[in-house]
Amino acid sequence: MSESHHPTGIKRWLYTTNHKDIGTLYLWFSFLMFLVGGVMALVIRAELFQPGLQLVEPNFFNQMTTMHGLIMVFGAVMPAFVGLANWMIPLMIGAPDMALPRLNNLSFWILPFAFFMLLSTLFMPGGAPNFGWTFYAPLSTTYAPPSVTYFIFAIHIMGASSILGSINIIATIMGMRAPGMGYMKMPLFVWTWFITAYLLIAVMPVLAGAVTMMLIDIHFGGSFFSAAGGGDPVLFQHIFWFFGHPEVYIMILPAFGVASAIIPTFARKPLFGYHSMVYATASIAFLSFIVWAHHMFTVGMPLVAEGFFMFSTMIIAVPTGVKIFNWVATMWRGSMTFETPMLFAVAFVILFTIGGFSGLMLAIAPADFQYHDTYFVVAHFHYVLVPGAIFGIMAAVYFWLPKWCGKMYDEMMGKVHFWLSFIGLNVTFFPMHFVGLAGMPRRIPDYALQFADFNMISSAGAFLFGFSQVFFLGIVLQTILYGKKARSEVWDNPHGLEWTLPSPPPYHSFTQPPQVTMAHASPR
């Protein structure tokens with residue numbers, strides 16, 4: 001065939017409709033954004049290493065906090081999970097490719113333009129957006145730098161990419177499953193992405209509406225969020241968090257699916273409570289739409305509304321607890337080994353639970369009046385997102401890398417990376433609970449002297465965590481270029497790469513060994 005049928009070099013990547021190539025593009029792009037966002041976090045932590053202003057101006061500090069949040073959420077975590085979905089969903093359901101291959105190509109290639117536009121705002125007059133990643137109006141509409149218009153356009157493009165990718169995933173799962181694979185026989189990773197895709201389609205238009213209203217306020221004389229013109233600044237918070245809270249679960253549900261693939265593999269047992277895991281995931285997705293105002297307890301909402309959002313937020317802990325119980329029950333009396341993916345998965349379960357407990361503390365409205373906008377909140381959501389989303393992605397990379405490239409990573413190096421990351425993460429974010437409870441406000445470049453010691457510890461941990469990710473890059477490159485050929489029994493598991501029987505076998509007690517057969521994930 002001619003080169004036009006099998007393009008090589010740069011054309012291969014530009015024109016590809018192969019789900020594996022597009023998954024690879026997503027994963028490398030997300031890692032690049034992870035490093036960029038990480039450098040911004042290190043600028044923040046370097047400034048906070050000691051009290052006083054030493055490195056950056058307060059305005060630039062605010063630009064860093066804004067860009068760090070936006071890049072990590074929209075540029076690192078979400079594209080990485082879409083990359084995992086592209087790679088694994090067709091393999092797991094026995095499909096030859098994604099349902100809409102050209103749409104798949106488009107949904108990736110519009111992302112680099114969006115982030116180029118977002119990052120270019122750093123070099124514009126007035127600088128990048130400086131109003132926080134939540135871009136509350138009227139601060140973001142009345143006092144924003146001119147670059148806010150580019151920021152709004154970048155958000156629109158990112159949203160379009162997410163919606164196109166979600167349509168593709170839903171179409172693939174609904175229409176291209178192998179014969180005999182009913183919904184309740186799909187692997188948990190497929191289920192979590194199936195539900196996540198519906199969440200994305202539901203909430204990305206809400207974000208698009210919010211930034212469009214901002215655009216109208218800025219350029220066309222609107223006053224959606226201006227009290228002087230009859231608008232309501234609190235309306236923006238309601239719209240933003242109606243998007244923002246499901247968004248948090250969009251970033252964590254696929255990690256639940258990854259943990260549900262890895263833990264049974266290294267426990268040598270089928271997943272405990274498959275059906276309850278599916279129903280718990282669906283429950284979390286539903287409840288995520290009715291808890292948004294727990295981010296807004298301090299705006300002065302009616303007491304009955306505070307009560308509703310407080311109790312609904314506590315209820316969402318129940319299906320999450322079901323999932324954690326099932327993972328622990330899967331490990332219980334299993335023949336466990338602790339290869340790198342399992343280390344990340346176990347750390348995910350433990351540290352995500354800590355983040356969940358601090359979330360329950362924040363759910364209590366009268367207590368939240370004290371915690372709100374302090375470093376306790378920063379500690380909470382980083383304990384959810386870093387060990388949750390980021391560790392989930394890293395576990396998936398170590399787990400599936402032998403399947404992707406046919407090479408085996410260096411197990412010792414993987415474990416070194418895990419322990420550096422684990423120590424760096426906890427040293428960075430655990431002290432933030434203490435300074436937050438003591439009253440240190442977030443998003444401030446300077447602070448009182450009594451917070452100095454804990455901030456110094458946090459900054460040291462941040463640099464350890466950050467530089468250990470460069471080590472991770474080295475491990476991945478070394479594996480792809482020079483790794484030893486992976487055997488079919490990658491994890492010394494006599495039946496292949498992973499467990500594929502998602503539902504419990506007939507015998508599933510803790511006293512009797514499970515009767516289960518295992519097979520390759522690849523369709524025969």
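Contact here means heavy atoms within 4.5 Å, and helices (H or I, at least four residues) and strands (E, at least two) are DSSP runs, numbered from the N terminus. The model is predicted: local features need pLDDT of at least 70, side-chain atom pairs count only at pLDDT 80 or more, and totals for chains, interfaces and linings use all residues. Residues are numbered from 1 along each chain as its sequence is written, and side-chain values use heavy atoms, with hydrogens and water left out.

**Packing of α11 and α12**

- Ala 317, Thr 320, Ile 324, Trp 327 and Met 331 of α11 meet Met 342, Val 346, Phe 348, Val 349, Phe 352, Thr 353 and Leu 360 of α12.
- By class, this contact of α11 with α12 has 10 nonpolar, two polar and no charged residues (Ala, Val, Leu, Ile, Met, Phe, Trp, Tyr, Cys and Pro count as nonpolar, Asp, Glu, Lys and Arg as charged, and the others, Gly among them, as polar).
- Helix α11 (residues 317-331) and helix α12 (residues 340-363) pack at about 150 degrees, with axes 11 Å apart; axes are lines fitted to C-alpha atoms, for helices over the stretch in contact, and angles run from 0 to 180 degrees between N-to-C directions.
- The pair α11 and α12 is therefore roughly antiparallel (angles over 145 degrees; under 35 count as roughly parallel, 65 to 115 as roughly perpendicular and the rest as oblique).

**Packing of α7 and α9**

- Helix α7 (residues 188-219) and helix α9 (residues 274-287) pack at an angle of about 15 degrees, their axes being 10 Å apart.
- This makes α7 roughly parallel to α9.
- The α7 side of the contact consists of Leu 188, Trp 191, Thr 192, Ile 195 and Leu 199, and the α9 side of Tyr 274, Met 277, Val 278, Thr 281, Ala 282 and Ala 285.
- The contact of α7 with α9 has nine nonpolar, two polar and no charged residues.

**Two buried residues**

- Leu 27, in helix α2 (residues 19-47), counts as buried because its relative accessibility is 13% (buried means under 20% relative accessible area, exposed over 50%, partly exposed in between, with a 1.4 Å probe and protein chains only).
- Beyond its neighbours within four places in sequence, Leu 27 is in contact with Ala 80, Gly 83, Leu 84, Trp 87 and Trp 404.
- Asn 455, in helix α16 (residues 452-482), counts as buried at 2% relative accessibility.
- With neighbours within four places in sequence set aside, the contacts of Asn 455 include Arg 45, Leu 48 and Phe 49.
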